[in-house]
There are 2 protein chains.
Amino acid sequence: MTMEILKAFEPLFYPKSLAVIGASSDVTKFGNIILNALMEIGFEGKIYPVNTEGGEINGLKAYRSLQDITGEVDFAVLTIPAPAVKDSLEECRRKQVKGVEILTSGFKETGTPEGWHLEQQIAGFARRGMRILGPNCFGVYCPESGLTILPGQNFSRQTGPVGFLSQSGGLCADLGQMAKGLGIRFSKMVSYGNGCDVAACDLLEYFFADPKTRIIAGYLEGVEDGPRFLKILRENKGKKPVILWKAGLTETGSRAVMSHTGSLSGAAGVWNSGLKQAGVVQVGTAEELIDSIYAFLYLPPNAGPRVALMGGGGAIGVAASDSLDRLKLSVPVFSPPILEKLKASFPPVGNSLKNPVDLGNPMIPPSMLRKVMEAAGEDEGIDTLIVIQILFYILYQVRHRLGMDDKPLSQFSFQPELLEACREVQERYRKAIILVMPDIVTDGKMIDLEIEWRRERDNYQAAGFPVFKSLDRAARALSQFVIYHQQLQA
Amino acid sequence: MTMEILKAFEPLFYPKSLAVIGASSDVTKFGNIILNALMEIGFEGKIYPVNTEGGEINGLKAYRSLQDITGEVDFAVLTIPAPAVKDSLEECRRKQVKGVEILTSGFKETGTPEGWHLEQQIAGFARRGMRILGPNCFGVYCPESGLTILPGQNFSRQTGPVGFLSQSGGLCADLGQMAKGLGIRFSKMVSYGNGCDVAACDLLEYFFADPKTRIIAGYLEGVEDGPRFLKILRENKGKKPVILWKAGLTETGSRAVMSHTGSLSGAAGVWNSGLKQAGVVQVGTAEELIDSIYAFLYLPPNAGPRVALMGGGGAIGVAASDSLDRLKLSVPVFSPPILEKLKASFPPVGNSLKNPVDLGNPMIPPSMLRKVMEAAGEDEGIDTLIVIQILFYILYQVRHRLGMDDKPLSQFSFQPELLEACREVQERYRKAIILVMPDIVTDGKMIDLEIEWRRERDNYQAAGFPVFKSLDRAARALSQFVIYHQQLQA
């Protein structure tokens, strides 16, 4: 069964040759953008541009028709007007093309009888030896084979464990950019639009079967077969985490779904309880989606709900405590022996040591934070450490006070020492450590802090530690991770 | 009454001379950081460092005691250990210092009888001709006179309409940085810590009286006199918008409040209904706080709940519709004549024109967006326009396709034309226009997009248009603004 599923998707994900039908030399046309993207990301097979004019596009010979191509064509990308799609599919069938993605819109999503009829016609081809993606989509990104979606020419060529399915192409385009700097890498990302053939259920089955996919995430507006969809999820519960954004669950959103992908979005109550029973991590915004994927990628399985929060600046302690409490995470007071040990290491004034730990100084030496990290590591009542590097912009002050404003901020960073502490504490106590580095500087002239922020984030990530821009986001992502694991045990 | 209130605060906000008691040449000490900050921001009066050693600090003559200073001293900043504060205040009294801010911690917030006792002693001085701020605070930022808080040496010297009061100094430090690039400027920002004398009620009265303050915002953990606080708010309801973050309303948060400023945070229900009755805009995170201040600063009073949403990429339309619906904002279908006009301007395929308007192209020419903006401007069923510049990173592709990767992104920006359209549509129809520019690129190597983002944001802001990083944030801020105005009319 697994082998069959994988086999069925091979033409869509691992073609050896492809044709771009509707290829254009006009740089504003989809037929140029997608051809260019596939060339630029470095698709590893043969690429054939096809259009009625022939000639040459982007340095490649263009063919007037599929039949003019002498070699085999496994896969076709269609970017021609909707009324021409049917004939083109007929041509694909004759050429024995096994996978097709149709970027063209003007089908079911128009809400017209003509659109609906056109879509019915093309769907018919799927039952004649061809898998179809779309119409009204941005296509497939598969870094392993070098396929990419519409505006995805600068996506990473690294393969990773995340399988993503989406009715929206724009979200795929966004997610690829969001993922890049976060070390999130994909096995496949599939924008399937109206889903006339391949749709949510098939893709879910594929990702469960695919050995290269370890985390499944998706954006859905409607599903072709709700009961089957939930059944697949339930049957695979616990095998791989599934993170879903089911949009269109409000009245206004449901109207927007209708004219976006022509789907029916369904009742909120039914969806929410169905997804919960199936152990799905449900998210409601792009930020939550990426943060949850990020958490599942970086957190060890024992990252639990009992959090030790440490940093300096009490408002962050209070606000953080509020955030965690609302998300059913706890901030337990350290056990008495641990607290005594901490009290012995810090002056009694200006520090609050009970957890949340507020070291009350805008410039906290990493050696101080390390002591708190070790205490939290040792305390059996704590599962997860959240280390807040407050007032990150204090680096400016440090540099300025040393009279070295022309030097890069990285020279004044506390990070190497703190990263070393994170490594050693994790090595010894095997608990999850999450970094929060609020980067709240908005000034156009202070861009070098953003540069330094990303550099430090990359260093933490390379060592396996997740970094969030705010405590709220970190807490929400941790909470999703914890709930998922609690549901599996329930 | 108003004059009296303003007069009473003059020594704290507009001193002509000040002493830093506990000034230090050790750059890691508060006594050095605050002295340096006051010098660097350019305090306009005389500055006297005072410490037991004398000598010279930061190029200024240091005095061994206040009595050694020949001129008058209006204001004193105390950064000496808690047990020494009482004697120092006695010396201030003899020198006829009229305003004091005590940065020192080690008082009520320690939760010990000694701390409580020390705080009682210093509070006594407030009733002997002296106003005291703190202890356990970061002080006052008043750009007009050049006073600044602890790590606030690079705060703006421009005065503005926002008055901010906070029990947390760290939040003041953050807010000053967040505000800088957003064009948010302050009349005064006051970190009052434990509030042994001047606290929330007094500051609220001051900001209502102060002609330079037009928007009041604050972060509170507990309030010295809840009924008086709510009474002041109710009596001034509608005079100036008040945005408050009342923290510590959860169990965990309330425990953290206790050890931060030694306050009692109070019951959530009482606070929520009391603030609502008083017409206060209540927020729960730093992000919401800054976004609400931003909205009240940039939005015209007629910014209403009936939104026209426009951009390209349907998922954003659907997700946006969901967000707005949850926040009780509406996305009404355009009126029939307007919709007909729009349909005449756009091809029927690939565009969804009903509102939300999805132009379905990653590179939307501003001339197309302008048509939709004009339609929304004309439609009497629409109050507010939200324009989403999706796939902002498409600028990379545009530049790359033109073979000009070495040129700055600004040369390829769609912005000048879109800004012109915003200006003209607002000039003609007088409706609120909000920009959303999702900047979702995380890659360390793509920092130039962040530079371009801030540049474009600054241009919109300079023309009076607010810019948000996500639709969710824009919608939440608009919703707060709308609810505030609806409550005034109720």
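1. Conventions. The model is predicted, so local features need pLDDT of at least 70, side-chain atom pairs count only at pLDDT 80 or more, and totals for chains, interfaces and linings use all residues. Residues are numbered from 1 along each chain as written, chains are lettered from A in written order, and side-chain values use heavy atoms, without hydrogens or water.

2. Symmetry. Chain A superposes on chain B by a rotation of 180° with 0.0 Å of shift along the axis, RMSD 0.0 Å. That is a two-fold relation.

3. Interface. Each side is listed by contact (heavy atoms within 4.5 Å): 81 residues from chain A and 81 residues from chain B. Together the chains bury about 6400 Å², 57% of it on carbon and sulfur atoms. Buried area is the accessible area (1.4 Å probe) lost on joining, summed over both parts. A:R401, A:T442 and A:R454 supply 11% of the area chain A buries against chain B, more than any other three residues.

4. Salt bridges. Four cross the interface of chain A and chain B, by the rule of a Lys or Arg side-chain nitrogen within 4 Å of an Asp or Glu carboxyl oxygen. B:K180 pairs with A:D443, closest N and O atoms 3.7 Å apart.

Note on methods:
Least-squares fit on C-alpha atoms with pLDDT ≥ 70 in both. Buried area = accessible area lost by both parts, 1.4 Å probe.
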